[in-house]
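Me: I'm new to this one and would like to go through it slowly. Could you take my questions as they come?
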Amino acid sequence: MILREPVYLYFLGTAGCGKSTLTGAFSSWLDQMDVSNQVVNLDPGADSVPYEPDVDIREWVTLQEVMKEYGLGPNGAQIVTADMLALQLPHVKKALEGSRPSVVLVDTPGQLELFTFRESTRHIIENLSGRRSLLVYIVDPFNARTATGLTSQMVLASLCHFRFSVPFTMVLSKADLVERRELDRILHISSSPEVLYEALLSEVRGSPSMEKEYALDLYRTLEDLGLFGTLKPLSAQTGEGLEMIYKVYTDIFLGGEEEVELPDEFNPVI
Ligand SMILES: Nc1nc2c(ncn2[C@@H]2O[C@H](COP(=O)(O)OP(=O)(O)O)[C@@H](O)[C@H]2O)c(=O)[nH]1
Ligand SMILES: [Mg+2]
């Protein structure tokens, strides 16, 4: 068997979209498939996480300690801890040494901007996994019910892609919480530029012209980025759709050669 460098999956998305829950559920799914995996918690502000991390940034830096030590409130301390993440990278790398899982799942800090828009994060991804990285951008269906909401999510997703220039995929979380009809509507609107355009137009028709122009300008930015028709609905609760993440990363990094037998049923952890 050829030993490969592990693939790193970074779970990204706005606060509460389901990063930590999906990280835990996907790790359990991989366990059930006998795919070796490790889980890294990179959120220094997490009170608790719904999985057993193999490597936990809180061993070296926590939000509470930074607040206390520097006399900062939670917002200031979050920015300081976000920059401290990169400094703690050697610890994380060392803790990952020795074992050679086929995939490492990285749960990122609660607030998207703390991870995506700090310069230090680029350094983290480059140094930890370089080009063997996949960004899994999680769209919360409750932020994507309207065409303008979905457009905003797609713009955020494309900004994450732009920041890190590594392979990228987009999933829709919490599918179990959304009515089938609503889920189908979100998937339909995200399926093609033409459909999103029509939906946006009818949504902003009565809005002030500046807002309307703005929405359509954002849409034009998205038009060429190839994100349409790629949103994959899944649920960390029921396990629905988790195999799509597996399919995406094996297709990209392993040429789809590590096929596993998919189970009829998945026993979720939450
Ligand atoms: N029913 C259901 N709840 C979910 C799912 N994913 C996340 N949640 C819930 O959404 C909330 C936020 O999830 P969390 O993973 O902490 O979000 P994070 O801030 O992005 O890490 C928690 O209460 C989770 O239990 C899902 O697929 N189904
Ligand atoms: Mg979290």
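Me: Which residue does Y137 stand opposite in β6?
Reply: Y137 stands opposite M170 in β6, where strands are DSSP runs of E with at least two residues, helices are runs of H or I with at least four, and both are numbered from the N terminus. This is a predicted model, in which local features need pLDDT of at least 70, side-chain atom pairs count only at pLDDT 80 or more, and totals for chains, interfaces and linings use all residues. Residues are numbered from 1 along each chain as its sequence is written, while chains are lettered from A and ligands numbered from 1 in the order in which they are written.

Me: In what sense do β5 and β6 pair, and over how many bridges?
Reply: Strand β5 (residues 133-139) and β6 pair in the parallel sense over 5 bridges; two strands count as paired if DSSP finds at least two bridges between them.

Me: Is β6 covered or open?
Reply: Strand β6, residues 168-172, is mostly covered, with 5 of its 5 residues buried. A residue is buried if 20 or more other C-beta atoms lie within 10 Å of its own, exposed if 12 or fewer, and partly exposed in between, with C-beta atoms placed from the backbone. F168, M170 and L172 point one way from β6, whereas T169 and V171 point the other way, and all are buried. In a regular strand the side chains alternate between the two faces of the sheet.

Me: What is the order of the strands in the sheet?
Reply: The open sheet is formed by 7 strands in the order β3-β2-β4-β1-β5-β6-β7, and the pairing is parallel. β3 (55-56) and β7 (232-233) stand at the edges with a single partner strand each, so one side of each is left without a neighbour in the sheet.

Me: And how is β1 joined to β4?
Reply: Strand β1 (residues 7-12) and strand β4 (residues 103-107) run parallel and are joined by 5 bridges, and the bridge partner of F11 in β4 is D107.

Me: What about β2, is it buried or exposed?
Reply: β2 is largely enclosed by the rest of the structure, because 5 of its 5 residues are buried. Both of its faces are covered, with N37, V39 and N41 on one side and Q38 and V40 on the other. β2 pairs with β4 in the parallel sense over 5 bridges, V39 having L105 as its bridge partner there, while 2 bridges join β2 to β3, also running parallel, and V40 has V55 as its partner in β3.

Me: Switching to the core: which residues have the most contacts inside the largest one?
Reply: The largest nonpolar core has 67 residues, and those with the most contacts inside it are L9, L12, V136 and Y137. Such a core is a set of buried Ala, Val, Leu, Ile, Met, Phe, Trp, Tyr and Cys residues joined through C-beta atoms within 7 Å.

Me: What is V136 in contact with?
Reply: Leaving aside neighbours within four places in sequence, V136 is in contact with L9, Y10, F11, L12, T169, V171 and I245, contact being C-beta atoms, placed from the backbone, within 7 Å of each other. The C-alpha atoms of V136 and Y249 are separated by 9.8 Å, although these residues are 113 residues apart along the chain.

Me: Where is Y249 found, then?
Reply: Y249 is found in helix α11, residues 242-253, and counts as buried, with 21 C-beta neighbours inside 10 Å.

Me: Which residues come nearest to ligand 1?
Reply: Of the 17 residues around ligand 1, G18, K19, S20, T21 and Q237 come nearest, a residue being near if its C-beta atom, placed from the backbone, lies within 6 Å.

Me: Where does D34 sit, and what is its phi?
Reply: D34 is in the loop between α1 and β2 (37-41), and its phi is near 65 degrees, a positive value in a residue other than glycine. D34 is exposed, with 8 other C-beta atoms within 10 Å.

Me: Last topic: where is confidence lowest and where is it highest?
Reply: Confidence is lowest in helix α10 (residues 209-223), at a mean of 79, and highest in helix α1 (residues 19-32), at 98, pLDDT being the predictor's confidence in each residue, from 0 to 100. The mean pLDDT of the chain is 89, and 93% of its residues reach 70 or more.

Definitions and conventions:
Contact = placed C-beta atoms within 7 Å.
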